[in-house]
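Here are my notes on the model, point by point. Please read them with the viewer open.

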Amino acid sequence: MFNPRFLVVSLGNPLPKYESLHSAGHFALNGLVRVLKQSSFREMTFGKLACRVSQGPKYTLVQSPTLMNISGSFVAKAWQEMVKQHDASTLSLVIVHDELEKAFGDVRLTPWDRSHRGHNGIKSVKNSLSQSKYPSSPFARVAIGIGRPMERDAATVSKFVLDQISPEQRKVLEEVVPWDVSRRLLELEDEWRAELQP
């Protein structure tokens, strides 16, 4: 019987200190708890670090507590913790992250092996965790568009992703985007089910 579980980890810089577009994944998970009708986030030790976790029968939602660029080690440890508790063949890892260039609020299911395109959080995760060790576990990414600045130089891009977000942006990320994230999770589950059917 197909009974999948998902470890859904958002990347970003820790809230509430860094309320920026770069933490779009964290804001989306704030709202996803409500959309999935799960218990509220609570502080607990997971992946050997104190972090915010919401556990449900199918989804374990976790906000990475580290700075974006060094997320990999935490994600790898959180995944290993889940694998100790459940059969790896029933587990999927989903990373929720911001994505430059895509329209603000656009939510896409993205193949794990697609290029990180300069996203240091994704780069860190891929350097710390190899999907080839878990061939029966679907690894995937859910990318949340945050738009783009007019100029492409590094300083402008950095300011764009790290500046304080507006209340309007936060509202979209916490109240609209989570519904699309939940739909992408269902898409992933459907693809996984289809692969398992003879």
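1. Which backbone oxygen does the side chain of serine 137 reach? That of leucine 91, at 3.4 Å. This falls under the polar contact criterion: a pair of N or O atoms within 3.5 Å, where within protein one must be able to donate a hydrogen and the other to accept it, and residues adjacent in sequence count only if both atoms are side-chain atoms.

2. Ground rules. This is a predicted model, in which local features need pLDDT of at least 70, side-chain atom pairs count only at pLDDT 80 or more, and totals for chains, interfaces and linings use all residues. Residues are numbered from 1 along each chain as its sequence is written, and side-chain values use heavy atoms, with hydrogens and water left out.

3. Fold. The protein has five helices and seven strands. Their order from the N terminus is β-α-β-β-β-α-β-β-α-β-α-α. The radius of gyration is 16 Å, close to the 16 Å of the globule rule for 198 residues, so the protein is as compact as a globular protein of that length. That radius is taken over C-alpha atoms, and the rule is 2.2 Å times the number of residues to the power 0.38. Helices (H or I, at least four residues) and strands (E, at least two) are DSSP runs, numbered from the N terminus.

4. Extent and packing. The C-alpha trace spans about 50 × 35 × 30 Å along its principal axes. Of the 198 residues, 51% count as buried. Buried means under 20% relative accessible area, exposed over 50%, partly exposed in between (1.4 Å probe, protein chains only). Among contacts with a separation of 6 or more, 70% join residues 24 or more positions apart. A contact means heavy atoms within 4.5 Å.

5. Back to serine 137. Its place is the loop between α3 (120-128) and β7 (139-145). Buried or exposed? Serine 137 is buried, at a relative accessible area of 1%. Beyond residues up to four places away in sequence, serine 137 touches Trp79, Ala88, Ser89, Leu91 and Gln131.

6. Glutamate 99. This residue sits in strand β5 (residues 91-99). Its relative accessibility is 7%, so glutamate 99 counts as buried. Which residues does it contact, leaving aside neighbours within four places in sequence? Arg114, Arg117 and Arg141 are among them, as are Ala143 and Ile144.

7. Arginine 42. This one belongs to strand β2 (residues 42-46). Arginine 42 touches Cys51, Arg52, Val53 and Gln55, not counting residues up to four places away in sequence.

8. Backbone points to check. Most residues other than glycine have a negative phi, and most peptide bonds are trans. The bond from leucine 15 to proline 16 is cis, with omega near 0 degrees. Proline 16 lies in the loop between β1 (5-10) and α1 (24-35). Lysine 48, not a glycine, has a positive phi of about 65 degrees. Lysine 48 is in the loop between β2 and β3 (49-55) and is exposed, at 66%. Glutamate 101 also has a positive phi, of about 80 degrees. Glutamate 101 is in the loop between β5 and β6 (107-111) and is partly exposed, at 43% relative accessibility.
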